[in-house]
Amino acid sequence: MTLAAPYSPDRSLKGKLRRRWARVVHRRPLASVFDRPVVSISFDDAPLSAATVGAEVLQANGARGTYYVCAGLDDQPGHMGDYADRRVYADLSVRGHEIACHTFSHLDCGKAAARDILDSVDRNAEALAEVALQTTHFAYPYGDVSPEAKRALQDRFGSLRALHPGLIRRGSDLNQLPAVGIEGRDGEAHAERWIDRALDQSAWLILYTHDVREQPSDWGCTPEALDRLIRRATAGGAEILPVGTVLRGRTH
């Protein structure tokens with residue numbers, strides 16, 4: 001199978017204005033106040049290494065993560081290694097990890113029509129239902145967002161996660177939650193700085209990565225880096241919890 005070219009964001013003026021406008025419309029403010037720091041570890045696309053090695057690192061630290069999965073990528077090769085499949089997702093769920101939605105085909109929600117986004121979400125739900133899985137939280141593939149996507153999905157999921165960096169506090173937009181990447185050459189150091197901010201401000205931080213390997217892709221991290229970040233957060237007093245666990249009962 002020929003791998004698709006890596007994603008290139010829309011850098012046109014129209015694309016920039018769309019992303020900026022999306023940040024201010026169709027907001028769903030989080031009502032909760034955090035009295036202690038919380039960190040969520042999430043994995044986008046669910047490469048097999050994230051579902052195996054990444055899960056083992058989390059479990060060794062007594063923690064669980066959130067996996068934003070695209071059932072249409074099951075067992076396929078990718079730039080981040082082979083993807084996991086529905087049987088693996090089901091096993092992760094049994095072990096206490098959260099399975100969340102990333103559309104069926106990794107659809108660019110910044111460009112797609114609302115009907116196409118909902119169709120892809122429905123198809124993902126149908127595929128995951130085959131292994132008795134339901135998803136209640138969502139992440140935009142590529143982190144790209146449009147006002148139409150926010151409006152279409154806001155009543156479907158408890159949260160919609162994007163990729164712009166930031167901490168989550170009372171008033172943060174549940175339709176476009178920020179997240180900080182553990183990826184690339186400086187990914188660990190970048191994540192460390194955000195963990196320290198979350199610890200200092202008693203805020204919620206969502207971290208994301210993709211593959212977890214000794215020689216990761218540009219979008220992944222090593223098992224050792226993931227372990228060090230988890231230990232840094234817990235040593236500072238943070239709870240490590242899946243996204244859905246954090247939000248349960250906190251949105252009103």
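Helices (H or I, at least four residues) and strands (E, at least two) are DSSP runs, numbered from the N terminus. Helix α3 is followed by G96, whose phi is positive, near 100 degrees. The model is predicted, so local features need pLDDT of at least 70 and side-chain atom pairs count only at pLDDT 80 or more, while totals for chains, interfaces and linings use all residues. Residues are numbered from 1 along each chain as its sequence is written, and side-chain values use heavy atoms, with hydrogens and water left out.

**Helix α3**

- Helix α3 spans residues 86-94, and V88, Y89, A90 and L92 are buried in it; buried means under 20% relative accessible area, exposed over 50%, and partly exposed in between (1.4 Å probe, protein chains only).
- The cover over the buried residues of α3 includes α2 (48-60), β2 (66-69), β3 (98-101) and α4 (114-129), where contact means heavy atoms within 4.5 Å.

**Nonpolar cores**

- A nonpolar core is a set of buried Ala, Val, Leu, Ile, Met, Phe, Trp, Tyr and Cys residues joined through side-chain atoms within 4.5 Å.
- The largest such core has 40 residues, and I41, Y67, L205, L207 and L226 have the most contacts inside it.
- Two or more residues of this core come from each of β1 (38-44), α2, β2, α3, α4, α6 (187-201), β7 (204-209) and α7 (223-235).
- Helix α2 gives the largest share of this core, 5 residues.
- Leaving aside residues up to four places away in sequence, I41 touches L58, G65, T66, L207, L226, I230 and I240.
- A second, separate core holds 16 residues, among them L30, A179, W204 and I206.

**Salt bridges**

- The whole structure contains 16 salt bridges, each a side-chain nitrogen of Lys or Arg within 4 Å of a carboxyl oxygen of Asp or Glu.
- E239 and R36 form one of them (4.0 Å, N to O).
- Because E239 lies in strand β8 (residues 239-240) and R36 in the loop between α1 (13-22) and β1, this pair ties together parts that are 203 residues apart in sequence.
- E239 is partly exposed at 32% relative accessibility, and R36 is partly exposed at 36%.
- D196 pairs with R232, with the closest N and O atoms 2.9 Å apart; D196 is in helix α6 and R232 in helix α7, 36 residues apart.
- R87 and D85 meet at 2.6 Å, N to O; R87 is exposed at 61% relative accessible area, whereas D85 is buried at 7%.
- R115, D119, D122 and R156 are linked in a network of salt bridges.
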